[in-house]
Amino acid sequence: MKRFLILYILLCIGITAFCQQLLSSNYPRPILEDIIPTPTQYTPIPQAKDSFWKNTIPLAMRNDYIKLGEKYLGTKWEKLPDALFAEYKTNGNRTNYENKNFELRRQLTHLAMAEIMEHKGRFMKDIIQGLHYFMEEPWWGIPAHYPIAKPERSRQVVDLFNAETANLIAWTTYMLHDELEDIERGISLIIRNEINRRILIPARTIDYSWKKKTDNWNTWICSNWLSCILFCETNRQYQIEAISQIIQCLDTFYDAYADDGGCDEGIAYWTRAAGSYYECLELLGRATNGKIAITDNPKLKAMGAFVYNTYIGNNTFVNFADAKPNTSLVPQIALPFGIYTNDSILTGYAMNFAIKKKFFNSPSTLFNTSGHSTLSRELLFLNRYKMIKNIKPTEPLLRETWMPDLQVFTGRSKYKSDQGLFFAAKGGHNGETHNHNDVGNFIIYNNNKPVIIDIGVGTYTAQTFSQNRYQLFNCRSAYHNVPLINGIEQHVGAEYKAEDVTCKYDDKQATFRLDLSKAYPQEASIRKWTRTIQLNREENVTITEDYQLMKYKQPTCLVLICCEVAKQTTPGIIAIGKDHHLYFDDKQLSATIEPIRHSDALILRAWNNRTLYRILLTIKGQRRKDFVKYIVQ
């Protein structure tokens, strides 16, 4: 019996280790040495000179890409001043440098795509000038990720955006290799040596913290690093070592990812978290003729399903954490992700989005705005054109979704309809990636229009990822739809969490319930605080607060945020815009409405420059135990 128990324990350990090493255990170095091609043999897609592009991509689409490139013909490659780079260290501003930095990458991206689509040599002079510009740029990343105020050629740090720049340059060089060499013999070797110096050597030899991270830094960098290895690493030993490291990074990311596929970074980061994880799988699959593949994997499919599990309608998503409500889907990743996992809902939605954005007539509508340097994603997507053009578009208007690990629940009035009420609510904890202190937060939409909102992400500055993050109003619980209990806000940290989180639903109702008490520090003096959010499908959303306090210290306020003018019309009724109302018992609650004064450009754009309002329902009296109900309709 004892021997059997030992064997059973060892078997369990082995199974656990296997689960934690999804790729590493199946593709150790000896196997990689057999299946990974050398750079000269790596041809993931046809190069620009191949007739594939003219024979496959419709003329209207090619002309649209060409027009984007034409806008940059003759445009100078302006060196970014050191003073602009230094702003982050001096005043915390990071957008001034980033905007110009990203525009230079966009310039090369559009010129390269235009030449690939036209292939007449018209853009080659500008492309070569751009490549030489990047060879001279001291560092390819952004100041927020650099240790000092001035970039130095001798100090190469691997961050998100120098990895992206290296990927852009590597793909440009691969696609236009012969054309570049015909004009300037040896330029490809210069580029390969720079990519080796700036990315391949430091990424392989330095134990960066992002290699052990479980957020987008891991997969975002790995997807770009992997392309550079496959195109540029000529030393076989180093190539296999680096790919082995990437596979280990991907296992670290995968193992920590929730089984329900929930991305605690929000939909805005999904494309560079789970999306980049898939991207690595695609690159490995293309490099090995499909020998590396994990397509039949429930967790991977759930990671893709997060896209439609958080979809509200009309290109709007649940925007908890650092996300915007109007985040644009990236069909160039979502659609092939769905193909990879055989998820017809994801492929149908990605196709629906692409068609609404007129991608198959005017691809520039998405290519011009879908990222900082998206050449590789666009080309890999277009390489599938014959496969994807006949996918049936659908819109994933699911009646309810529940992600138990992430603790996010959504419900809507009607299945397959964006008309009527929609709500989303979250439990979780306050130590999440890109966290806001928002345990118990919820949003409400009606007919695709926001009623009760999450303010979302603000403009990133030095403060955003500092110890002073929670002085930013949009990260504080005081500016989310959660209570200020005894005047106390929620605290940051994974120990501040939801408990007893449940959901249930039927044809008439969808209900989310949780205990908020552990999301607050001890000084809030909470014994229990049960919040229930119930969608009565054809009528309203009812919120109840069933609470017990150990002490009464000062009035407790129930906070609600909206982006329409809020005005108390009669006692117990607040009009929210023209079409919605908040109902409450004015004998139990008193209402105060205040505009949220701020100048954050990103938040202003997200809400169409509308003034945001904070409604404070203050509980009257000093009862330590009570039951409060209010209704949004």
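Residues are numbered from 1 along each chain as its sequence is written, and side-chain values use heavy atoms, with hydrogens and water left out. Because the model is predicted, local features need pLDDT of at least 70 and side-chain atom pairs count only at pLDDT 80 or more, while totals for chains, interfaces and linings use all residues.

We begin with the sheet. Eight strands form an open sheet in the order 11-12-13-14-21-18-17-16, and their pairing is antiparallel. A strand here is a DSSP run of E with at least two residues, a helix is a run of H or I with at least four residues, and both are numbered from the N terminus; two strands count as paired if DSSP finds at least two bridges between them. In general, strands of a sheet pair through backbone hydrogen bonds, either parallel or antiparallel. Strand 11 (499-505) and strand 16 (566-570) stand at the edges with a single partner strand each, so one side of each is left without a neighbour in the sheet. On average, neighbouring strands of this sheet are turned by 15° against each other, direction ignored, where the axes are lines fitted to C-alpha atoms (for helices over the stretch in contact) and angles run from 0 to 180 degrees between N-to-C directions.

Within this sheet, strand 18 (residues 580-584) pairs with strand 21 (residues 625-632) in the antiparallel sense over three bridges, and Phe584 stands opposite Tyr630 in strand 21. Strand 21 also holds Val632, which is buried, with a relative accessible area of 1%; buried means under 20% relative accessible area, exposed means over 50%, and partly exposed lies in between, for a 1.4 Å probe and protein chains only. What does Val632 touch, leaving aside its neighbours within four places in sequence? Val632 is in contact (heavy atoms within 4.5 Å) with Ile444, Val451, Ile452, Asn540, Val541, Ile543, His581 and Leu582. The C-alpha atoms of Val632 and Val451 are separated by 8.5 Å, although these residues lie 181 residues apart along the chain.

Five bridges join strand 5 to strand 4 (residues 408-412) in an antiparallel run, with Phe422 as the bridge partner of Arg412. Strand 5 is also joined to strand 7 (residues 442-446) by five bridges, again antiparallel, and Ala424 stands opposite Ile443 in strand 7.

A few single residues remain. Asn309, in helix 15 (residues 298-309), counts as buried at 13% relative accessibility, and it touches Leu398, Thr401, Met403 and Thr410, not counting residues up to four places away in sequence. Most residues other than glycine have a negative phi, and most peptide bonds are trans. His119, however, has a positive phi near 55°; this residue lies in the loop between helix 6 (95-118) and helix 7 (124-136) and is partly exposed, with a relative accessible area of 28%. Asn315 has a positive phi near 60° and is found in the loop between strand 1 (311-313) and strand 2 (316-317), where Asn315 counts as buried at 18% relative accessibility.
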